[in-house]
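Please work through the exercises below with the sequence and the model open side by side.

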Amino acid sequence: MTAGQLLPASFYQRDVVEVARALLGKRLVRRLDGTRLSGYIIEAEAYRGEEDLACHARVGRTERTAVMYGPPGRAYVYFTYGMHWMLNCVCMEEGYPAAVLLRAIKIDEGREAIGSRRGGQPEARWCDGPAKLTQGLGIDKRLNGAALDNQGSGLWIEEGVEITDRNINATARIGLGNTPEPWLSMPWRFLTFLPDLK
């Protein structure tokens, strides 16, 4: 694939941990009020199946988690802590609940628009967390179920830059509270740094 090319739905139809790592360096794009906002994905976490006790699907299929059981390549957007939206990419085969939480991006396009949505915060803090990312890009429940392989949805993911293994760190997922082992320590959080991108 070449930079700017949309990732097909088949990209997500793989093991969710593999997809989480592969999403690093890809460009997340949001078209908002006619403006293109985008950034390179630099942090992502995998959540896999009802057996993963850190995953929303641990309680089975509900109204909230239904999107996770749907076709791969869709956005799973949920509300948390009574104030924040979170963006996930549904992965693996339809019927099996798995998703990648997008935790951070390095901004590429739309700095003025993103900055105005982030309330005077310094640029380094605009999209360095999952709730900040959704606020900066204007992502909310209206995009739940959006096809990430279709620009018509207003939210999609493109090819970006290649990230080599030596520039990727894998750690335990964060913010899991009292999640028991082995799920608490699964090294399913992937992050990278892109200092060469301006």
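The exercises go from the overall fold to single residues.

The model is a predicted one, in which local features need pLDDT of at least 70 and side-chain atom pairs count only at pLDDT 80 or more, while totals for chains, interfaces and linings use all residues. Residues are numbered from 1 along each chain as its sequence is written, and side-chain values use heavy atoms, with hydrogens and water left out.

**Exercise 1. The overall fold**

Task: Describe the secondary structure and the overall dimensions of the protein.

Solution. Step one is the inventory: the protein has four helices and eight strands, where helices (H or I, at least four residues) and strands (E, at least two) are DSSP runs numbered from the N terminus. In sequence order these elements give the pattern α-α-β-β-β-β-β-α-α-β-β-β. Step two is the size: the radius of gyration is 16 Å, close to the 16 Å from the globule rule for 198 residues, so the protein is as compact as a globular protein of that length. Here the radius is taken over C-alpha atoms, and the globule rule is 2.2 Å times the number of residues to the power 0.38. Along the principal axes, the C-alpha atoms fill a box of roughly 40 × 35 × 35 Å.

Of the 198 residues, 53% count as buried, the cut-offs being under 20% relative accessible area for buried, over 50% for exposed, and partly exposed in between (1.4 Å probe, protein chains only). Among contacts (heavy atoms within 4.5 Å), those with a separation of 6 or more come to 61% from residues 24 or more positions apart.

**Exercise 2. The surroundings of helix H4**

Task: Which residues of H4 are buried, and against which elements do they pack?

Solution. Begin with the count: six of the eight residues of helix H4 (residues 130–137) are buried, so the helix is largely enclosed by the rest of the structure. These residues are Pro 130, Ala 131, Leu 133, Thr 134, Gly 136 and Leu 137. Next, list their partners: the buried residues of H4 pack against strands E1 (27–32), E2 (35–48), E4 (84–90) and E5 (98–109), and against helix H3 (111–117).

Ala 113 lies in H3 and counts as partly exposed because its relative accessibility is 26%. The C-alpha atoms of Ala 113 and Gly 136 are separated by 8.0 Å, although the two residues are 23 residues apart along the chain. Finally, just after H4, Gly 138 takes a positive phi of about 65°.

**Exercise 3. The cysteines**

Task: How many disulfides does the structure hold, and is Cys 91 buried or exposed?

Solution. First apply the geometric criterion, a pair of cysteine sulfur atoms within 2.5 Å; the structure holds zero disulfides. Cys 55 is in no disulfide, and its nearest cysteine sulfur, that of Cys 91, is 11 Å away. Cys 89 is likewise in no disulfide, with the sulfur of Cys 91 the nearest at 6.2 Å. Then consider accessibility: Cys 55 counts as buried because its relative accessibility is 1%, Cys 89 counts as buried at 1%, and Cys 91 counts as buried at 0%.

Cys 91 lies in the loop between E4 and E5, and, leaving aside neighbours within four places in sequence, Cys 91 is in contact with residues including Tyr 12, Val 19, Pro 72 and Tyr 96. By contrast, the C-alpha atoms of Cys 91 and Arg 31 are separated by 23 Å.

**Exercise 4. Backbone angles to check**

Task: Where do Asp 33, Met 92 and Pro 182 lie, and what are the backbone angles at these places?

Solution. As background, most residues other than glycine have a negative phi, and most peptide bonds are trans. Asp 33, in the loop between E1 and E2, has a positive phi near 55°, and it is exposed, with a relative accessible area of 76%. Met 92, in the loop between E4 and E5, has a positive phi near 70°, but Met 92 is buried, with a relative accessible area of 11%. Lastly, Pro 182 lies in the loop between strand E7 (168–171) and strand E8 (189–192), and a cis peptide bond with omega of about 5° joins Glu 181 and Pro 182.
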